[in-house]
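Dear colleague,

Please find below the sequence and structure that I am handing over to you. My notes on the structure come after it.

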Amino acid sequence: MSTVQKIKTQAPARSETKTARQGNSRQQSRFAEAANSPLSLAGLVGAVSFIVYSVFSWLQWQSFTIRSWDLGIFTQLATAYADFRPPIVSIKGDGYNLLGDHFHPLLVLLAPFYRLFPSAYTLLVVQNVLLAASVVVVAHLAIKRLGKITGACLAVGYALSWGLQSAVDSQFHEIAFAVPLLALALSALLEEKWRSAWIWAALLVFVKEDLGLTVFVIGLVMAWRARTAAGLWLSVWGVGWFVLTTKVILPAMNPGSEWAYQSQLNIAGLLSDPASLFNPDKVTTVLLLVAITAGLCLFSPLTLIVLPTLAWRFLSDLPVYWGQEWQYSAVLMPVVFCAAIDALGRRKVLSGTRLRLLLGTTVMLIAVVLTSQYAFEKLADPAKSFPLTTVASSQSALAAVPDGVTVETDISLMSYLADRTEVFWIGNKNPAPEYVLFDVSGRPGLAPNAIAQEAEQRFPGTRFVTVYADARYQVARKE
């Protein structure tokens, strides 16, 4: 073969090699861009958050650590929705429709997940997914507007915020749906995606009745920033649903023909004692709301959105609403963190790169330090915080109760019974159940048949026989 022919045959090969290299280079470039995109980093923070939340929930679940009766209540609701029935929840009372307690029709979305995995633990997983989704939304907004490092620091601060920690610790509540909706609404608002912000915010009225007032304030903020009437219509939507639910829907479905929580809005008590607003628990909650963003939330009008939630909590006579425990502050976390992002992104005095990085790092460190005072501190010593000493006893007591029966119980094993039996809570006036199961660990020296005898006294004309008893639980069956 001549030299000319060799050159002609080698030229196409070199050209193909060059083209392949260019293609690989472009592909690698696309992978690099995707890996460095705000959404990818936000997704990573959200995934890690979900893992942390889920580890905590699993430790709770396997150690039989139940915080309240709410997980059992919402398990009965999910069971009903999965079977295409109205949410009749016997834990609240015989024949009690839970839509007469709080207005949360959006919880029907639990049905397909619960139908696939019929367990109270499913609700914990769903809640962790929803909270982690809100982390992704807040993280994406922060990274996009403030840069990778500062944004990621704020995202970690949000993921570890005491409000979300308390929500995970408290187990499932309807606010699990409100947290991502708020994050989506406020993120869209700051991105000036007014239609998306309107839609996400409007859905909040179907999570809980008081959120109608939160929607009202979101609408006012939107009207001020967008300079359009759309925000005002959102405010009308929020107030309209608040009035409709509290004056019509809830009283119509409640056994007492009233909004069950109206009496807790003690405005007269506040007027007679204005100093009650300065209760130490209330003041601490407000100060911590400011502290978790290093004060940045004070530089944005979005912070006004916390006022309706703080108002109904602080007007109540129930101290449980005033502090930082339980799930009540979870809906405030997206608000103050989006406000902080807004402040860092818009305020010229906070526009310096180094200052932003310092503030973002400070927010993250504050969240980490505060963790030692809240739920995730328990993860430092799981063996101590989630002891397994009662597991065998709990499993034996549960095994003594067959599927499909009616059970009267306390909160100890309520959530573990709710997905396979009809559960009644001892605090209500109930029909005679087929079984009773109670935690007797706080009553040392109790006779093995004591719970059976007490059940016979509560339900005259019945006879109960003990089928399981140890130092922790007693189970009795109706003869």
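This is a predicted model: local features need pLDDT of at least 70, side-chain atom pairs count only at pLDDT 80 or more; totals for chains, interfaces and linings use all residues.

Residues are numbered from 1 along each chain as its sequence is written, and side-chain values use heavy atoms, with hydrogens and water left out.

Confidence

The predictor's confidence in each residue is given as pLDDT, from 0 to 100. Its mean over the chain is 89, and 91% of the residues reach 70 or more. Helices here are DSSP runs of H or I with at least four residues, strands are runs of E with at least two, and both are numbered from the N terminus. Over residues 30-35 pLDDT stays under 50, and the model has two contacts beyond four places in sequence for this stretch. A contact means heavy atoms within 4.5 Å.

Nonpolar cores

A nonpolar core is taken as a set of buried Ala, Val, Leu, Ile, Met, Phe, Trp, Tyr and Cys residues joined through side-chain atoms within 4.5 Å. Buried stands for under 20% relative accessible area, exposed for over 50%, and partly exposed for values in between (1.4 Å probe, protein chains only). The largest such core has 134 residues, of which Phe172, Leu302 and Leu437 touch the most other members. Helix α5 (residues 120-146) gives the most to this core, with 14 residues. Leaving aside neighbours within four places in sequence, Phe172 is in contact with Asp70, Leu71, Phe74, Leu107, Leu110, Leu123, Leu124, Gln127 and Phe177. Another core, of nine residues, lies apart from the largest one; Phe438, Ala452, Phe464 and Ala476 are among its members.

Charged pairs

The whole structure holds 15 salt bridges, each being a side-chain nitrogen of Lys or Arg within 4 Å of a carboxyl oxygen of Asp or Glu. One of them joins the side chains of Asp83 and Arg115, at 3.7 Å from N to O. Asp83 lies in the loop between α3 (70-82) and α4 (111-116) and Arg115 in helix α4, so this pair ties together parts that are 32 residues apart in sequence. Asp83 is partly exposed, at 39% relative accessibility. Asp83 and Arg115 also belong, together with Arg85, to a network of salt bridges.

A second example is the salt bridge between Asp169 and Lys378 (3.4 Å, N to O). This pair links distant parts of the chain, 209 residues apart: Asp169 is in helix α7 (residues 162-170) and Lys378 in the loop between α16 (353-371) and α17 (382-385). Asp169 is buried, with a relative accessible area of 8%, whereas Lys378 is partly exposed, at 25%.

Glu479 and Arg477 form a further salt bridge, at 3.1 Å from N to O. Here Glu479 is exposed, with a relative accessible area of 53%, and Arg477 is partly exposed, at 31%.

Aromatic rings

Rings of Phe, Tyr and Trp (its six-membered ring) pair if their centres lie within 6.5 Å; planes under 30 degrees apart count as stacked, over 60 as edge-to-face and the rest as tilted. The count comes to 20 aromatic pairs. In one of them, the rings of Phe242 and Trp259 have centres 6.0 Å apart and planes at 90°, so the pair is edge-to-face. Phe242 belongs to helix α11 (residues 230-253) and Trp259 to the loop between α11 and α12 (267-272), 17 residues apart. Both Phe242 and Trp259 are buried. Elsewhere, ring pairs link Trp58, Trp61, Phe64, Tyr121 and Tyr416 into a cluster.

Val440 and helix α20

Val440 lies in the loop between β3 (435-439) and α20 (450-458) and is buried, at 3% relative accessibility. Not counting residues up to four places away in sequence, Val440 touches Leu446, Ile451, Asp470, Ala471, Arg472, Tyr473 and Gln474. The buried residues of α20 are Ala450, Ile451, Ala452 and Ala455, and they pack against β3, β4 (464-469) and β5 (473-478).

With kind regards
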